[in-house]
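Dear colleague,

Please find the structure below, followed by a summary of what was found in it.

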Amino acid sequence: RGHWFGDWAAGMQGAGLGSAWALDRLHGNMFGPGRSEFVFSVTRDDVRYRIPHRLLVLCGRDVYHPAETAREIARIAGPRRAALIEEWRDVGPEKLAAAERSIDEFLSDGRGSVLA
């Protein structure tokens with residue numbers, strides 16, 4: 001566990017919030033051999049073909065959550081299946097209100113699954 005994960009895992013274990021075994025397993029699942037080069041939880045093909053539900057994608061803006069990855073997820077899923085919110089974090093009241101409206105619209109539109 002040679003990067004940020006090691007410090008985080010040590011803190012979790014020290015606080016009694018995870019065993020060494022569980023944290024080692026999590027590390028392997030996130031960074032081990034055979035993991036996707038895309039994101040931890042899905043491959044590009046998963047986004048393209050296997051996820052039947054609409055996606056609400058909020059852009060990150062740090063090294064661990066790059067905005068371009070969020071944009072790629074939205075691009076791969078396409079406009080019918082993904083709503084992309086680029087500005088939502090530390091943006092001021094007007095842009096935050098716009099992001100909140102977009103989230104509310106996404107959650108209330110009732111479209112659910114879009115793959116047949």
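Which elements each supply at least two residues of the lining of the largest pocket? They are β1 (55-58) and α4 (67-77), where helices (H or I, at least four residues) and strands (E, at least two) are DSSP runs numbered from the N terminus.

This is a predicted model, in which local features need pLDDT of at least 70 and side-chain atom pairs count only at pLDDT 80 or more, while totals for chains, interfaces and linings use all residues. Residues are numbered from 1 along each chain as its sequence is written, and side-chain values use heavy atoms, leaving out hydrogens and water.

The pocket
The volume of the largest pocket is about 590 Å³. Among the 26 lining residues, Val-39, Tyr-64, His-65, Thr-69 and Ile-73 are the closest to its centre. A pocket is an open set of points on a 1 Å grid over the protein atoms alone where a 1.4 Å probe fits, with protein on both sides within 12 Å along at least five of seven lines; lining residues have an atom within 4 Å of a point. Grid points are joined across faces, edges and corners, and the volume is the space filled by probe spheres set on them. β1 gives the largest share of the lining, four residues.

The strands
β1 and strand β2 (residues 82-85) run parallel and are joined by four bridges; strands pair if DSSP finds at least two bridges between them. Val-57 has Leu-84 as its bridge partner in β2.
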